[in-house]
Amino acid sequence: MLVNPAYTSRTCYACGHCAPENRESQAVFRCTACGHRDHADVNAAKNIKAAGQAVSGRGDLGTGRSVKRQPPARHTRTGRSPHAARSAGIPVL
């Protein structure tokens, strides 16, 4: 499930109070209702995680393999990848 990040940086992870005044600065979060303090990005990340499954920086759901991975290295006749063969001193054909 994807989570809409709107207002997660204004919402207190501890009590759920949402107000623009909760953001003292770009980095500081302080809840005006309960006094909870945290880094603003960390507080927002906790809210997103609690609301559902966080999305990774690669655009996937952070589970399994990303679809944006490079294809695996082709193997040589030795059964090793070209990089492993070179580092072992085996000539790559």
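A residue counts as exposed when its relative accessible area is over 50%, as buried when that area is under 20%, and as partly exposed in between. I start there because those cut-offs decide how Tyr7 is classed: at 53% relative accessibility, Tyr7 counts as exposed. Please keep in mind throughout that this is a predicted model.

Staying with Tyr7 for a moment, it lies in the segment before E1. Its phi is positive, at about 70°, although Tyr7 is not a glycine. Most residues other than glycine have a negative phi.

Now the overall picture. The protein chain has 2 helices and 2 strands, and along the sequence they come in the pattern β-β-α-α. Of the 93 residues in the chain, 19% are buried. If we take the contacts with a separation of 6 or more, 25% of them are between residues 24 or more positions apart. The accessible surface of the chain is about 6900 Å², and carbon and sulfur atoms account for 53% of that surface.

Next, helix H1. H1 runs over residues 40-51, which is 12 residues. From its first C-alpha to its last, the helix reaches 17 Å, close to the 16 Å expected at 1.5 Å a residue. Which residues of H1 are buried? They are Ala40, Asn43, Ala44 and Asn47. Looking down the axis of H1, these buried residues fall within an arc of 100°, so they line one face of the helix. The cover over them includes both strand E1, residues 28-30, and strand E2, residues 37-39.

Let me go through some residues of H1 one at a time. Ala40 is in this helix, and its relative accessible area is 0%, so it is buried. Leaving out residues up to four places away in sequence, Ala40 touches Arg23, Gln26, Ala27, Val28 and Phe29. Ala40 and Ser9 are 31 residues apart in sequence, yet their C-alpha atoms are 6.0 Å apart in space.

Asn43 is also in H1, and it too counts as buried, with 0% relative accessibility. With residues up to four places away in sequence again left out, Asn43 touches Thr8, Thr11, Cys12, Tyr13, Phe29, His36 and Asp38.

Is Lys46 buried or partly exposed? At 32% relative accessibility, Lys46 counts as partly exposed. Not counting residues up to four places away in sequence, Lys46 touches Tyr13 and Asp38. With Asp38 there is a side-chain to side-chain polar contact of 2.9 Å. Lys46 and Ala14 are 32 residues apart in sequence and 9.6 Å apart in space, C-alpha to C-alpha.

Back to the segment before E1, where Thr8 has its place. Thr8 counts as buried, at 11% relative accessibility. Not counting residues up to four places away in sequence, Thr8 touches Asn43, Ala44, Asn47 and Ile48. Among these, Asn43, Ala44 and Asn47 are buried residues of H1. The side chain of Thr8 also reaches the backbone oxygen of Pro5, at 2.7 Å.

Last, the cysteines. How many disulfides are there? The count comes to 0. A disulfide here requires a pair of cysteine sulfur atoms within 2.5 Å. As for accessibility, Cys12 counts as buried at 1%, whereas Cys34 is partly exposed, with a relative accessible area of 42%.

To recap: the buried residues of H1 line one face of the helix, and strands E1 and E2 are part of what covers them. Thr8, from the segment before E1, touches Asn43, Ala44, Asn47 and Ile48. Lys46 is partly exposed and has a polar contact with the side chain of Asp38.

Note on methods
Residues are numbered from 1 along each chain as its sequence is written. This is a predicted model: local features need pLDDT of at least 70, side-chain atom pairs count only at pLDDT 80 or more; totals for chains, interfaces and linings use all residues. Side-chain values use heavy atoms; hydrogens and water are left out. Helices (H or I, at least four residues) and strands (E, at least two) are DSSP runs, numbered from the N terminus. The expected span of a helix is 1.5 Å times one less than its number of residues. Buried means under 20% relative accessible area, exposed over 50%, partly exposed in between (1.4 Å probe, protein chains only). The arc is that of the directions from the helix axis to the C-beta atoms. Contact means heavy atoms within 4.5 Å. A polar contact is a pair of N or O atoms within 3.5 Å; within protein, one must be able to donate a hydrogen and the other to accept it, and residues adjacent in sequence count only if both atoms are side-chain atoms. Accessible areas come from the Shrake-Rupley method with a 1.4 Å probe; for residues, only the protein chains shown count as cover.
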